[in-house]
Amino acid sequence: MGLAGFLKAARTRLARTDPISSSWRTASMGPAEHAQRPEMHQARIRGHLDAAHGTAQQFTRTVVFPMFLLGAGLQAASLAVAAAMYAVGGQLLFVSVALLLLPLGAVWPLVMLRPSDEGLVRVAARVCALCWACVLALMLALVSEGVREVRAPCDAASATRACWWVRASLVFTSIEAGVALLGALRFASLLVRRAPRAQSARHTLDVIWLTLGRVLVARCAVSGTRFVADAASSLMGAGLDENASASAGVHLIAAFENGALGVFALLPESRAGLQAWLVSRGEAVTTAAGLGALLGNRPAYQVQALAAERFRCISAEKITQQVIASRVIGRAVYLATERAQLGSVDAFISHSWLDAPTGKWEALSRWRADFRATHGREPRVWLDSVCIDQLAVEDALPCLPVHLAGCDALVVLIGDSYLQRLWCVVELFVFLEMGGTIDQITVLPLCSFEARVQWLGQLSRFDARQATCTFARDKELLLATIRASFGGFDRFNAAVRNLLLDVAPVELLQVNPSEVAVLRQPELVRHAMQGAAGEGAGAAPASPG
């Protein structure tokens, strides 16, 4: 669904007479409806979480698991054929031919694996350790054959291969055995849980990719050197390896294959690009799938229970300029917040820490004054610096979608750096996916007229891949969420531009109307809508609401 679902679902919800969607205007609600709001919110949140979890599980069953089995099957077949070749003839050439599929089989199961697939990540570590242990055993058998051949009398007139070539081949095979040994040991070390970090699926997957990349690059170097030696042997003529020409071709292919796949394994950007392309070719591109990736595939009841326990708010009157300016708040300020029920908080404050605190304070004060004039009371808000327990920051990530849904509105303090922070734009996406609507988003610009012109330029150049996060692991997770939701970054970038143009205040759009018209990209949106309509029959169901 991707871009089409993101925009169409948000606009469709605008026309619905959903009591939850309009409940933030509490002045129009009666006492009975007001008392039921938290329960209604929790029911709606549970529905969205169930849909996200179900879609993520379906993605694992229909995409990740089959690819994993196919790759593991390639590894097993390659090793089985190589072992059979060795048993029949024991020649290195035949074994090398059989092992040509091994690098592809090693990489393929990992392509669609995500840190949220914790079970499969652990299985992948075991498969990798077993695979390279088998390669080690095969190489050691070939080394033993080479040692026997070297110890035999070396008569150039009767031998089929020159003595120097036999010794060189033994050295190459020994190096390959050493590479396989190091790889098997590193993969096996992931199976020993000595520390919490070693138990992290994200860390395990990173180590698997890094180790596999290094092993394949090392094998590329060995195969490349073998190719040079085989080519030289073929040119030198009689007395050397009788299969030198065929062996050179095989090792050239092996060098190219191992090198290409090794570099691919070592570059996260290349892996992300292939994953996005594969996702966009299938039917798993839904915003619910992205939300499932963000939640880490945890069961809905578990996520909701944790989020409800940690959901807090603070009265806007207690938010001082010093609080806005501080990234880390003392424990006393956190304890000054109060526990809140999901659905009882007026607004989630979305902002970038890099923007000037004075501008954010002034914009928030204006919004607070308008709220008081309308409702006759202080707004209760969620602000990250005071409502996240700094002693349990890791638990805050899966709670974010629920906390967004537990607020009646999203207040965006948009300044010069807002679009440069990946968390900020993802909050917009998650708010809508969790049942929010465009009319529940309030954008408060912090900038002058000149800066507003620059803001439109920033919007036109927005690219999620260039946005930043404080922690690299957060950026990796958010980019994976975007890929799962939209099947690529171009669609997500277009969705962000169109969404911000929909919710931006008039004073931002009147600066340069012609540029606004270009930014809306009607052709891209229309193409995405048509694609979604054509795929709708087979696509995974979008989350309710």
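The model is predicted, so local features need pLDDT of at least 70 and side-chain atom pairs count only at pLDDT 80 or more, while totals for chains, interfaces and linings use all residues. Residues are numbered from 1 along each chain as its sequence is written, and side-chain values use heavy atoms, with hydrogens and water left out.

Let's start with helix H11 (residues 300–310) and helix H16 (residues 396–405), whose axes come within 9 Å and cross at roughly 75°. Helices here are DSSP runs of H or I with at least four residues, numbered from the N terminus, and axes are lines fitted to C-alpha atoms over the stretch in contact, with angles from 0 to 180 degrees between N-to-C directions. H11 and H16 are therefore roughly perpendicular (65 to 115 degrees). Val303, Leu306, Ala307 and Arg310 of H11 make the contact with Pro398, Cys399, Val402 and His403 of H16 (heavy atoms within 4.5 Å). By class, these residues are 6 nonpolar, 1 polar and 1 charged.

Next, look at helix H17 (residues 422–433) and helix H20 (residues 489–503): their axes come within 11 Å and cross at roughly 80°, which makes H17 roughly perpendicular to H20. Here Val425, Leu428, Phe429 and Leu432 of H17 meet Phe492, Val496, Leu499 and Leu500 of H20. This contact has 8 nonpolar, no polar and no charged residues.

Finally, turn to the surface, where Leu210, Val217, Val263, Leu266 and Leu267 form a nonpolar patch (residues with over 30% relative accessible area and no salt bridge, nonpolar side chains joined within 5 Å; a salt bridge is a Lys or Arg side-chain nitrogen within 4 Å of an Asp or Glu carboxyl oxygen). Together they have about 360 Å² of accessible area (Shrake-Rupley method, 1.4 Å probe). Helix H7 (201–236) and helix H8 (244–266) each give two or more residues to the patch, and Leu210 is found in H7.

How values were computed: Angles under 35 degrees count as roughly parallel, over 145 as roughly antiparallel, 65 to 115 as roughly perpendicular and the rest as oblique. Ala, Val, Leu, Ile, Met, Phe, Trp, Tyr, Cys and Pro count as nonpolar, Asp, Glu, Lys and Arg as charged, and the others, Gly among them, as polar. Patches are made of residues with over 30% relative accessible area and no salt bridge: like charges are joined within 9 Å, nonpolar side chains (Val, Leu, Ile, Met, Phe, Trp, Tyr) within 5 Å.
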